[in-house]
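User: Could you take a close look at a single part of this model and then show me the wider setting? I would like one connected answer, with the cut-offs spelled out.

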Amino acid sequence: MEYNFRAIEKKWQEQWEQSHAYRVSNDSPKPKCYVLDMFPYPSGAGLHVGHPLGYIATDIYARYKRLKGFNVLHTMGYDAFGLPTEQYALETGQHPAVTTEQNIKAFREQLDNIGFCYDWDRQVTTSDPSYYKWTQWIFLQIFESWYNRETQKAEPISTLISLFEQNGNAGHICPGDRTIQFTAAEWKSYGETEQRNILMQYRLAYLAHAEVNWCAALGTVLANDEVVNGVSERGGYPVVKKKMSQWFLRITEYANRLLEGLETVSFSDAMKEMQRNWIGKSQGAEIKFALKNSTENIEVYTTRPDTIFGVDFMVLAPEHDLVKSITTPEQQGEIDKYLEYVQSRSERERMADVKQITGCFTGAYAINPFDGREIPVWIAEYVLAGYGTGAIMAVPCGDQRDFGFAKHFNIPITNIIGDAFNGEEANATKDAKLQNSGFLNGVDMKTATDIVISKLEEMGIGKRKINYKMRDAGFSRQRYWGEPFPIVYKNGIPYAMDEKDLPLELPHVENYKPGAEGEGPLANITDWVNVAPGVKRETNTMPGYAGSSWYFLRYMDPHNKHTFADRKATDYWNQVDVYVGGTEHAVGHLLYSRMWTKVLYDLGHIGFQEPFKSLINQGMIGGSSRLVYRVRGTHQYVSHGLKDQYETDELHVDVNIVDGVELDTAAFKKWKPDFADATFILEDGKYICGVQLEKMSKRLFNTVNPNDLVEKYGADTFRMYEMFLGPVEQSKPWDTKGIEGVHRFLKKLWRLFADEQKGIIVNEQVPTPEELKILHKTIQKIDHDTNGFSYNTAVSQFMICVNELATLRCHKRAILEPLLILLTPYAPHLCEELWQYLGNNESILNALYPVYNEEYTKESAFNYPVAINGKTRSEMGFPLDAAVADIEQAVLGNEIVQKWMEGKAPKKVIIVKGKMINVVV
RNA sequence: GCCCAGAUGGCGGAAUUGGUAGACGCGCUAGACUCAAAAUCUUGUUUCGGCAACGGAGUGCAGGUUCGAUUCCUGUUCUGGGCACCA
C-alpha cells in the first residue's frame with residue numbers, strides 16, 4: 001500500500017463535495033469564526049504560485065478553528081470589474097463579461113485542485129448584477145447621507161433638510177464650500193436647483209470637478225498606471241490634465257474615526273502606521289495673508305505658525321484659483337510658460353524631483369500681518385493643490401525645501417533662529433528662541449505657537465486648525481467595465497434612482513471606445529443614456545474598489561434578494577476575525593472598506609463599525625527569472641559562467657524548462673520557433689542560466705502554475721511546501737527546488753501507518769513515555785504555531801516528530817491518531833484517507849483537536865552552556881531544582897572553566913535557571 | 001522625494017523576555033541496498049587553521065549599551081511594497 005496521492009486527493013475532493021462537507025450554516029450553537037481572504041481579480045494569466053500563499057494559510061486556520069469547535073465562515077469570490085479586462089476587450093473585441101466568465105472558470109479549477117475548504121455556495125462575483133445591485137444600493141445610501149459633525153456620524157440627508165428648515169446652516173461649516181451660509185427663510189426661498197446644489201456640498205457621495213489624465217491622441221482618460229514618464233503607455237502620446245465632473249466619497253469626514261478605529265483592531269504596527277500617515281493628521285493654523293493692492297487674501301495652512309516672521313516668500317500650487325487674478329501683466333508670459341510645463345508633470349514627479357527646483361514669480365506681494373513686510377508670491381510645482389489650502393508660507397531658515405527654493409531663486413533669507421541656523425542648510429528645530437520676530441523676540445518656539453494663534457484669532461485673520469493629508473476619494477471612472485451609477489440627471493441635477501429599479505444593469509456594448517469628450521463608453525449608447533427628454537443617465541462607472549468595499553458582508557448572506565445582507569446574519573458573523581492579504585492594499589482597499597462599514601453602521605444597517613478585527617499581511621512571492629545569453633548576431637547561446645568572453649544579449653527563458661539553473665536544451669529548442677536551431681556553448685557539459693529576482697509575471701516567463709506542482713506532487717505536498725517556504729508575512733522568491741523534501745516527509749509519515757507489502761501496520765500497543773513526550777511536544781508547538789499563523793515552523797515540527805517516531809519505529813494508534821488530527825489542516829486529503837484506514841467512520845474534519853498535557857514533556861535537568869567572559873567554553877548538566885550555590889561551586893571546580901580562568905578570581909558568576917551560566921573574570 | 005518593511009551558510013529559513021547562532025528542509029558529500037537505476041536508509045556539511053582534540057572569525061555595513069546582542073540604541077547602504085485612476 002503506497003501513498004497514491006492522485007487517487008486519494010481526487011477521491012476526497014469528490015467525497016467532500018457530495019457530502020457538502022464545507023457548507024456553513026448561519027445558525028449554530030457553536031462560537032463563530034470568520035476567516036477571510038482578499039478575493040482575487042480574475043486576470044487572464046490565471047493563478048500563479050503567489051496567489052495561494054494566503055489562501056492556504058487561511059484554509060489551514062479555518063480548518064484548525066473548525067477542529068477547535070468553531071462554526072467557521074470561509075468562502076471565496078471574484079473582484080471581477082476592472083481595467084485589464086476592458087483593455088483586453090479593446091484589443092481583441094472579446095466582451096469583458098465573456099472574458100471574465102472564462103477567467104473565473106479557470107481560477108476555480110486551479111483553486112479546486114488545491115483542496116480548499118471554501119463554502120462555494122456563498123461565492124460572490126462583483127460584476128454579477130445580483131451583487132452590484134447592492135453596490136449601487138450602498139452607493140445611494142452614501143449619496144443620501146451627510147456627515148453630522150455634532151453627532152460624529154452619517155445621517156440621512158432628510159435630517160439635514162429639517163435642520164436647514166429650522167435654522168438654515170447656522171452653526172455649521174459646509175464641508176464642500178465653507179462660504180455657503182443661509183438662514184431658514186433663505187433656504188425655503190431657494191428653488192430646487194439651488195437647494196440640491198447646496199445639499200451636494202454636504203452629501204457623502206458628491207459631484208465635483210477634478211483633473212484626470214487626458215490623452216487627446218487616444219481620446220481617452222488614462223489611469224496613472226497607463227501613463228509612463230508623462231506619455232501614454234500605449235503609443236507614447238502626450239498626456240495632460242483635464243478637469244471633468246466626477247463623483248467623490250467624502251472620506252475626509254471620517255478621517256478622525258478611521259484614525260481612532262485603528263486603536264480597536266489588531267493590525268500590524270506597520271500597517272497602522274501606514275494608514276495613519278495616509279490620513280496624515282496634523283495640528284497647526286490657517287492664516288489669511290492680505291495681498292498688496294488687492295482685496296483678495298491668500299489662505300495658507302501651516303504647522304509652524306511660530307515662524308511667521310521668517311516668511312520670506314509664499315508659494316501657491318500652480319492650479320490655485322488665485323493665480324489667474326494676482327499675476328501681474330509683466331509676469332503673465334513667464335507664468336503661462338510655467339503652467340504649461342506643470343501640465344505635463346505627474347503628481348509623483350512633482351513630489352519626487354527635489355533636486356530640480358522650479359517655480360515662477362507671479363509679480364504679486366502678500367503682506368505679513370504682524371510687521372507689514374511685503375512677501376513675494378510664487379507658484380511652484382512642489383506645492384500640491386489638494387493638500388491644505390494649496391498655498392504655503394515659506395520659511396527658508398526652517399524648512400529645507402523652502403531653503404533650496406530661496407537659494408535657487410536668490411530670495412533673501414531671514415534668520416529667526418539665531419545660531420541654530422548656519423546659512424548652509426535649514427534647521428527645522430522647535431526648540432530655538434525666536435529672533436528677528438517682532439513681539440516674539442526671545443520667546444521659545446513652542447510658546448510662540450500659542451501666542452501667534454491667539455493673536456491671529458483676535459485679529460480675525462487666522463485660527464487653530466487640524467488638517468488631514470487624506471483627500472476625498474475619487475469615485476468616477478471613464479470606463480465601461482464597472483458598476484453603472486444609479487443616478488439620473490434631470491436638467492443637469494443628479495437624482496438617485498428608485499431602489500426598486502435596481503440593479504441598473506450595465507448595457508451590452510459592441511464598442512469599448514470612449515465617448516466624444518472622454519466620457520466612458522456608455523456615453524455612446526444614446527438610447528440608454530437618454531431616459532426621457534431632459535433626463536440622462538450618468539455615463540461614468542464606479543472604480544475597482546467599489547465592489548471590494550463590502551464583499552465580506554455579502555458572504556454572510558449571499559443569496560438575499562431583499563437586502564445586501566440580513567441583519568441577523570451580519571449580527572451573527574459580525575467582524576471578520578482574521579483577514580489575510582497583501583500589503584499592497586494597505587491604504588486603498590482597507591480604508592475604503594473601513595469607511596463603507598462605518599457609513600452602514602451609522603445608518604443602522606449593521607452592528608459593528610470596524611470590518612476586520614485582525615489583519616495579516618502575506619508577503620509577495622517574487623519570481624525568480626532564468627536568463628540565457630545569446631551571442632550577439634548569432635543563434636549561439638553561451639552558458640552563464642562563460643558569457644563574459646562574448647558580447648551577448650540577455651533573454652528571459654521559461655523557468656519551467658530549467659531545472660534549478662540548468663537549462664533543458666532540448667526543451668529550449670522546442671519552446672519557440674526562434675530557438676529551433678539554437679546551439680550551445682556549455683560549461684562542464686551543462687548550460688547554466690543566469691538568475692534574476694523580479695516580479696512574477698507572464699511577460700518574464702517566471703510564473704509557476706500551481707496545477708503543474710499539484711499534478712506532480714499532490715495538493716497536500718503543495719500546500720505544505722508553500723507554508724514551509726517561510727513566514728506568511730515575509731516576501732520571498734519562489735523556488736520549486738525544495739518541494740521534494742516536503743513530499744518525502746509525507747511519504748515518510750505514510751510509512752508510519754502503512755507498509756507497501758503489509759498494508760496498515762498501526763498497532764494498539766501502549767505508548768512509552770518517550771513517544772508521549774514527542775507527541776505532546778508536537779501538540780503544544782503545532783497548536784501554538786497554527787493559532788499564530790507560524791506555519792513554516794509548524795511544518796518543521798511535523799518533520800521533527802515524524803523523524804523521531806520513525807527512528808523509534810512507533811506505529812501506535814495512541815500516538816498516530818492525534819498526530820493525524822494535528823496535520824489535517826495542512827494535508828487534509830492524506831489525513832482523511834489514513835483516518836478512514838484507522839477505522840473511523842466520521843470525517844476527520846469534525847474530529848476533536850488533541851489537548852496538550854504538560855505531564856509528558858516535563859524536564860528534570862538541563863544541560864547548561866558554560867561561558868567564560870561571555871564566550872561559551874563548555875557544557876554542564878544540572879537538575880533544574882539545583883541550588884544556585886551548588887551550581888556555582890561545581891562550575892568553578894570544573895577543569896575547563898579553571899583552564900579558561902587562568903588562575904584569576906571570578907568577579908561574578910551569572911546563573912540563569914534553565915538558560916545559561918557565565919563566569920566573569 | 002515621502003511612508004512602511006526586510007537583510008542570518010551555496011539556497012529557503014530557525015532562534016520565548018537580550019542567554020549554546022545556523023533547528024527543519026533543499027543542494028552538495030561519502031557510504032549501504034541494487035546487475036543498474038529509482039526509491040529508501042546512514043554519514044558529513046557556516047568559514048578559516050588543524051589528522052584530531054581544539055582554536056580564530058562570523059547574523060548587510062560603522063559605532064554604542066551590556067557579564068552577554070541576530071535580538072536594544074544611533075548612523076548608514078542595499079532590496080521590496082505603497083504614494084491617491086492597476087488590482
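Analyst: Happy to: a contact here means heavy atoms within 4.5 Å. By that rule, and leaving aside neighbours within four places in sequence, Thr597 is in contact with Phe552, Ile606, Phe608, Gln609, Glu610 and Pro611. The model is predicted, so local features need pLDDT of at least 70 and side-chain atom pairs pLDDT 80 or more, while totals for chains, interfaces and linings use all residues. Residues are numbered from 1 along each chain as written, chains are lettered from A and ligands numbered from 1 in written order, and side-chain values use heavy atoms, without hydrogens or water.

Thr597 sits in helix α20, residues 588–602 (helices are DSSP runs of H or I with at least four residues, strands runs of E with at least two, numbered from the N terminus). Because its relative accessibility is 0%, Thr597 counts as buried (under 20%; exposed is over 50%, partly exposed in between, with a 1.4 Å probe and protein chains only).

Beyond residues up to four places away in sequence, Tyr551 touches Leu36, Asp37, Met38, Phe39, Val124, Tyr131, Tyr579 and His589. Tyr551 is also among the residues with the most contacts inside the largest nonpolar core, along with Phe139, Trp247, Phe475 and Met720; this core has 181 residues (a core is a set of buried Ala, Val, Leu, Ile, Met, Phe, Trp, Tyr and Cys joined through side-chain atoms within 4.5 Å). Apart from it lies another core of 54 residues, including Val300, Phe361, Val395 and Leu434.
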